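Reader: Could we go through this model together? I would like to begin with charged pairs and then turn to the sheet.

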Amino acid sequence: MKEKDKIKELQLEIENLKKQLEVSNTQSDSKNSAANEDNQRLTSRFESIVNNLQGVVYRCKNDKDWTMEFISDGIELLTGYPPSDFMNNKVRTFNSIIHPDDHEKLWKLWQEAIAGKTFFENEYRLVSSKGSVRWVWERGCGVFENGELVALEGFINDITESKNIKEDLRVKNELLHSIGDIAKIGGWEFNVNTMVGSWTDEVARIHDLHPDDGINVKRGISFYIEEHQPIIKKAVEEAIENGKPYDLELQIVSAKGVKKWVRTNGIPVYKNGNIVGLKGTFQDITVRKEALISLEDEKIRLKTLIETIPDLVWLKDPDGVFITCNRRFERFFGAPESEIKGKSDYDFMDKELADFFRGKDKEAIIANRPKTNLEWITYADDGHKEFLETIKTPMYDSSGNLIGVLGIARDITELFHNKEKLKEKDLVFQSLLDNSPIYVFFKDHNIKALYLSKNYEKMIGKPLDQILGKTMYEIFPSELAKSMVEDDKRILKEGRLIEVDEELDGKYYTTIKFPILRDDGNPMLAGFTIDVTERENAKRELLIAKEKAEESDRLKTAFLQNMSHEIRTPMNAILGFSELLSDAFENKQQLELYTGIISQRCHDLLQIIDEMLDIAKIESGHVKVFQEKCNLFDWLENLKPVFSEYQRNIDKQQIELRYNFDFDKQLSVTFDLGKIKQVLINLVSNAFKFTEDGFIEAGCQFKENQLLFYVADTGIGIGEENQEKIFDRFVQVDPTQSSGQIGTGLGLAIVKGLLEPIGGKIWFESEKGKGSKFSFTVPVTVD
């Protein structure tokens with residue numbers, strides 16, 4: 001019998017006792033003492049029944065405080081408050097212990113029951129003295145007298161425990177259904193005798209059936225795909241016959257034709273030692289299974305990809321133990337993957353190399369990013385070597401946990417050798433740029449300097465790092481830059497080589513420019529510039545030399561003509577006067593005149609021969625230096641008669657011959673006396689040749705261990721047009737103004753040739769028609 005039914009019976013019994021009490025009270029005034037005893041007995045029985053009930057009996061007013069007129073002792077057991085607290089609201093009202101959320105609902109339901117004169121039944125919450133919430137079930141009704149409501153009476157029972165059990169059961173059922181919904185798992189069972197059974201709603205949904213659809217073993221097996229039906233049949237038979245459980249992953253086709261992967265397991269159900277049925281679970285694992293299949297397919301594809309990659313690929317766990325590798329890596333270790341997995345580098349190579357690889361693994365883990373290193377390795381299968389670029393990357397799972405280190409090593413041996421060759425080419429190229437005797441340049445398509453040889457620094461006057469990347473306008477003068485850019489653009493446009501001549505800062509260059517066409521980029525331009533300044537200067541010098549040679553030929557012709565005249569004139573005089581000697585033999589005065597003329601002309605011939613010998617010595621470099629010591633003043637004084645004698649011989653007594661010696665008369669020096677004497681005689685005789693009147697002055701000064709000599713005259717002078725070539729051989733200033741003193745044209749050339757070997761220097765000052773002054777210095781040693 002249910003608890004609520006028992007409570008209803010007790011309530012009926014209480015109602016009967018109450019009626020008996022009322023009857024007893026009504027009769028108490030007219031009956032005897034025996035009736036009072038019965039009344040007392042009934043009252044005692046009522047109180048005993050009420051107070052021993054596992055609940056609360058009450059009588060209260062119909063107000064919002066539920067003011068109690070009577071409440072049984074059970075209230076203290078339920079709430080912790082004594083019944084006296086509630087009588088006429090002495091300490092607290094009954095409404096004060098009702099949960100606030102239930103106040104309005106409770107009042108409303110009671111008023112509806114009173115209005116309908118029906119029993120009130122409801123569940124609500126009370127708050128105990130300790131603050132805990134207790135669930136109660138109340139049943140009551142209104143008490144009416146003469147149609148008027150006078151009180152409410154009823155019974156309150158504690159249903160907290162059963163309420164909590166129901167709530168737990170509800171939560172567990174909801175959780176079970178939720179788990180079933182989420183995990184798509186349900187249960188089933190069937191009787192082995194009837195082969196009929198039942199399943200949960202989730203199993204029905206997996207089959208796309210209504211939960212109320214009937215099920216038996218034969219129908220259940222029919223949902224499996226054809227190739228899986230024998231498997232499930234055998235498993236069911238072995239479970240029934242041998243008590244062998246099964247756990248299978250198979251595929252079914254649902255009532256709607258949808259293919260699904262399911263996991264089904266079954267265990268036998270025993271009764272009295274006999275198998276009476278099977279039960280188990282049934283779960284939709286389509287998503288997981290397809291994910292696993294997809295994962296497996298992906299693993300196969302990944303494995304295929306890894307195997308086809310020409311690189312070495314491997315994966316180690318955090319401790320350096322191999323998890324997997326590809327065939328290329330197998331060749332490195334000389335072992336199959338099955339023998340490599342579960343081992344480390346130390347199982348296949350010496351400790352030093354294994355330490356190196358392990359260190360690189362740890363670097364990648366610590367850095368938490370890919371780390372790259374270069375290494376030479378030797379393959380164990382055939383012993384060949386490769387240069388590898390190895391990238392090691394830490395690998396993590398979806399939770400961020402370290403799985404291990406992935407390694408990928410690419411063979412860059414050819415690239416390495418190409419780089420080495422490229423380095424060598426770069427070295428050669430840079431060496432060429434650094435040491436090229438010609439100027440080498442490379443420009444981009446924007447006519448900017450890409451590479452330049454080192455010698456451009458000297459040409460431009462700036463270091464290369466301030467030139468590279470610049471335009472021609474930033475490097476060269478604008479006019480030259482403009483010409484360069486025009487040439488360069490024409491080369492890039494026409495794609496052909498050109499040669500141009502250029503001039504910069506007084507130097508001359510020849511440049512050969514050509515395009516460098518590229519398939520995968522803009523064209524470049526390169527070229528070579530050669531400094532042809534020396535060549536140009538040589539050409540100019542050759543032209544000058546040619547002109548000089550032509551002039552020399554002319555002068556030589558004039559020289560030969562002069563020599564013929566110079567030699568013929570004294571020879572004719574000698575011959576003529578020699579013939580006259582016999583006729584004038586007895587005339588002493590005339591004889592002296594003739595013999596004097598013959599003697600002078602012979603002297604002239606000797607002078608011509610001496611000049612020719614001197615110039616030959618000078619030209620051949622056979623001039624010797626003879627240093628002699630002398631008193632300078634005495635030495636110069638001894639030269640005066642020589643000059644005077646020459647003046648008398650040429651009959652130019654009208655010219656004043658002066659001397660100006662500015663030094664200490666006791667000065668003693670050492671120098672080549674013979675050459676200086678010859679130089680002075682040549683300069684003085686040259687002055688007499690070109691001077692008809694006025695004076696000739698010879699002077700000497702001493703200063704800073706040098707002697708300064710000069711010979712000045714008031715002769716015809718030298719025009720500017722002849723001053724540059726005055727010291728050249730065979731040159732005569734102006735033969736038409738020399739009064740017949742033509743000469744050989746070697747005098748000044750001999751003077752210069754005599755001074756140079758002894759460190760002397762000669763120069764002159766002259767103005768046409770106003771005379772000349774020849775000066776020379778010679779170093780001396782003071783004694």
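Reader: How many salt bridges does a search of the whole structure find?
Author: The search finds 40 salt bridges, each defined as a side-chain nitrogen of Lys or Arg within 4 Å of a carboxyl oxygen of Asp or Glu. This is a predicted model, in which local features need pLDDT of at least 70 and side-chain atom pairs count only at pLDDT 80 or more, while totals for chains, interfaces and linings use all residues. Residues are numbered from 1 along each chain as its sequence is written, and side-chain values use heavy atoms, with hydrogens and water left out.

Reader: Which side chain meets Glu153 in a salt bridge?
Author: That partner is Arg59, with an N to O distance of 2.3 Å. The pair links distant parts of the chain, since Glu153 belongs to strand β5 (residues 148-158) and Arg59 to strand β1 (residues 56-60), 94 residues apart. Strands and helices here are DSSP runs numbered from the N terminus (helices are H or I with at least four residues, strands are E with at least two).

Reader: Is Glu153 buried or exposed?
Author: Glu153 is buried, because its relative accessible area is 10%. Arg59, at 23% relative accessibility, counts as partly exposed. The classes are buried under 20% relative accessible area, exposed over 50% and partly exposed in between, with a 1.4 Å probe and protein chains only.

Reader: What is the N to O distance between Lys392 and Asp361?
Author: Their side chains meet in a salt bridge at 2.8 Å. Because Lys392 lies in strand β15 and Asp361 in helix α12, the pair ties together parts that are 31 residues apart in sequence. Lys392 is also buried, at 3% relative accessibility. Salt bridges that share partners join Lys316, Asp345, Arg358, Asp361 and Lys392 into one network.

Reader: Where does Arg358 lie?
Author: Arg358 is in helix α12, which covers residues 351-367. Arg358 is buried, with a relative accessible area of 15%. From C-alpha to C-alpha, Arg358 and Gly320 are 6.8 Å apart in space, although 38 residues separate them in sequence.

Reader: Now the sheet. What is the order of its five strands?
Author: The sheet is open, with antiparallel pairing and the order β13-β12-β16-β15-β14. β13 and β14 (371-378) stand at the edges with a single partner strand each, so one side of each has no neighbour in the sheet. From one strand to the next, the twist averages 25°, the axes being lines fitted to C-alpha atoms (for helices over the stretch in contact) and the angles running from 0 to 180 degrees between N-to-C directions.

Reader: How many bridges join β12 to β13?
Author: Three bridges join β12 (residues 312-316) to β13; two strands pair if DSSP finds at least two bridges between them. Leu315 stands opposite Thr324 in β13.

Reader: What about β12 and β16, over how many bridges do they pair?
Author: β12 and β16 (residues 402-411) pair in the antiparallel sense over five bridges, with Trp314 opposite Gly407 in β16. β15 (residues 385-396) and β16 are also antiparallel, over nine bridges.

Reader: Which residue takes a positive phi in the hairpin of β15 and β16?
Author: Gly400 does, with phi near 85°; the hairpin has five residues between the strands.

Reader: Changing topic, which residues form a nonpolar patch on the surface?
Author: The patch consists of Ile323, Met395 and Ile403, with about 210 Å² of accessible area together. Patch members have over 30% relative accessible area and no salt bridge; like charges are joined within 9 Å, and nonpolar side chains (Val, Leu, Ile, Met, Phe, Trp, Tyr) within 5 Å. Accessible areas come from the Shrake-Rupley method with a 1.4 Å probe, and for residues only the protein chains shown count as cover. Ile323 lies in strand β13 (residues 322-325) and counts as partly exposed at 35% relative accessibility.
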